[in-house]
Amino acid sequence: MDYVDSIIESRFSDIQSRLPVKINLVDKSNSFQDILNELISEGTTSTEDIKSETIDFSNKTPDMTGVSKDKIESYINEASKKYGVSKDLIDAVIKAESDYNPYAVSSAGAMGLMQLMPSTAQYLGVTNPFDPEENIDGGTKLLSQLLNKYNNTALALAAYNAGEESINKYNGIPPYEETINYISKILNDTSDGSK
């Protein structure tokens, strides 16, 4: 039974690391109701409030007060100039990946506006994927690398969505419905469909 408990505890720890709310799932002394009551007593009274909390990534909690669409657009403009990637393309990727939610966390663990996986964020030098400026810079840097590598927007988007391994495995766009829809949505959202 100890072996099963350790597996369950390990899975809870994994899930806990991906939650946008700091909840100790491994603490056996608290029931789910106790956790909810504690959140309510701390002033978190609705699911909207819960969604606004972030995972503590690299011991940094971003200051998200005042992050407006205009601010996000200024980060997109900066990254576009820095990496030579179309503003429309960056904007369409953000829309497809997170719908402009800087706190978005996918079931796979991708984080922030451009949905960077922890290992990808680390590779790109992003220390806080929930910081819109860092996330957009890192995501755009990755897009730029993929666009330069494949010299094809659709292939670069496929690699961004499904990974470069999938492009290599299928010698082109992988036959994944999600990836095909992702590419189509982004190309339709961009004015010129190019870099």
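**Helix contacts and a pocket**

Guide: In H4, the residues Lys69, Ile76, Asn77, Ala79 and Ser80 meet Lys87, Ile90, Asp91 and Ile94 of H5. Contact means heavy atoms within 4.5 Å, and helices are DSSP runs (H or I, at least four residues), numbered from the N terminus. The model is predicted, so local features need pLDDT of at least 70 and side-chain atom pairs pLDDT 80 or more, while totals for chains, interfaces and linings use all residues. Residues are numbered from 1 along each chain as its sequence is written, and side-chain values use heavy atoms, without hydrogens and water.

Visitor: At roughly what angle do the axes of H4 and H5 cross?

Guide: Two packed helices are described by the angle and the distance between their axes. The axes of H4 (residues 69–83) and H5 cross at roughly 130 degrees and come within 9 Å. Axes are lines fitted to C-alpha atoms over the stretch in contact, with angles from 0 to 180 degrees between N-to-C directions. H4 and H5 are therefore oblique to each other; angles under 35 degrees count as roughly parallel, over 145 as roughly antiparallel, 65 to 115 as roughly perpendicular and the rest as oblique. H4 passes H5 in a right-handed crossing, in which the near helix is turned clockwise from the far one by less than a right angle.

Visitor: How do H5 and H7 pack?

Guide: Their axes lie 11 Å apart, at an angle of about 115 degrees, and H5 and H7 are therefore roughly perpendicular. Leu89, Ile90, Val93 and Ile94 of H5 touch Ile136, Thr140, Leu143 and Leu147 of H7. This contact of H5 with H7 has seven nonpolar residues, one polar and no charged. Ala, Val, Leu, Ile, Met, Phe, Trp, Tyr, Cys and Pro count as nonpolar, Asp, Glu, Lys and Arg as charged, and the others as polar.

Visitor: Within what distance do the axes of H8 and H10 come?

Guide: The axes of H8 and H10 come within 9 Å and cross at roughly 130 degrees. Their crossing is right-handed. Among the contact residues are Leu157 and Tyr160 of H8, and Tyr182 and Ile186 of H10.

Visitor: How many residues line the largest pocket?

Guide: Rolling a probe the size of a water molecule over the atoms shows where empty space is left. A pocket is an open set of points on a 1 Å grid where a 1.4 Å probe fits, with protein on both sides within 12 Å along at least five of seven lines; lining residues have an atom within 4 Å of a point. Here 24 residues line the largest pocket, and Glu97, Gln115, Met117, Tyr160 and Asn161 lie nearest its centre. Helices that give two or more residues to the lining include H5 (87–98), H7 (132–150), H8 (153–162) and H10 (177–189). By class, the lining has 12 nonpolar, seven polar and five charged residues.
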